[in-house]
Amino acid sequence: RANAKTVYACEWNPDAVESLRGNLEANHVADRCVVLEGDNRETAPRNVADRVCLGLLPSSECSWITGVRALRDEGGRMHIHGNVKDCEEGLWVDCVSESISEIARKEGRGWDVLVEHVERVKSYAPHVRHVVVDLRCRPK
């Protein structure tokens, strides 16, 4: 519905890959999605994305550098998921934002990283929430 020209979908679970391919066909969008099987740290393209969604739970931290590298030089948006203790949500959001800023700097990208939105998706366990932070990365 967002009229994306191309979507790169990295997935390491063979059953999820099969379901993804079936859903792409059923929704008539298979021609706009490149499915890259395997660990995104090895399969994700670089410098191609306007948006990156890192949805691995309980934490997607192992792929934050991959997400930064996937964004175009002019930046874009990152949607970063994580499971967070209720009392640590603010600290987690700050940590994610600061970490992405530092990764971008080390990758030679002089970006401002701004928190645009925080969504408390659902309870994951007692006192643990699935949270998503939406970051805007843009040149300084």
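**Close-up views of a predicted model**

**View 1. The hairpin of E5 and E6.** Two residues separate the strands of this hairpin, and histidine 127 there takes a positive phi near 65°. The model is predicted. Strand E5 spans residues 111-125, and strand E6 spans residues 128-139. The two strands pair in the antiparallel sense. Twelve bridges join them. Valine 115 stands opposite leucine 135 of E6.

**View 2. Serine 97 and its contacts.** Helix H4, residues 89-106, holds serine 97. Relative accessibility here is 12%, under the 20% cut-off, so serine 97 counts as buried. Neighbours within four places in sequence are left aside in this view. Beyond them, serine 97 is in contact with Val113, Val115 and Leu135.

**View 3. The largest pocket.** Its volume is about 1100 Å³. The lining of the largest pocket numbers 33 residues. Closest to the pocket centre are Val7, Tyr8, Arg51, Val52 and Cys53. By residue class, the lining divides into 17 nonpolar, nine polar and seven charged.

**View 4. Elements that line the largest pocket.** Two strands, E1 (7-11) and E3 (51-54), each supply at least two lining residues. Helices H2 (40-43) and H3 (64-70) each do likewise, with at least two residues. Strand E1 gives the largest share of the lining, five residues.

Methods. Residues numbered from 1 in each chain as written. Predicted model: local features only at pLDDT ≥ 70, side-chain atom pairs only at ≥ 80, totals over all residues. Heavy atoms only, no water. 1 Å grid on protein atoms, 1.4 Å probe; cavity = no way out; pocket = protein on both sides within 12 Å on 5 of 7 lines; lining within 4 Å. Points joined across faces, edges and corners; volume = space filled by probe spheres on them. Helix = DSSP H or I, 4+ residues; strand = E, 2+ residues; numbered from the N terminus. Nonpolar A, V, L, I, M, F, W, Y, C, P; charged D, E, K, R; others polar. Buried < 20%, exposed > 50% of the residue type's maximum accessible area, 1.4 Å probe, protein only. Contact = heavy atoms within 4.5 Å. Pairing = 2+ DSSP bridges.
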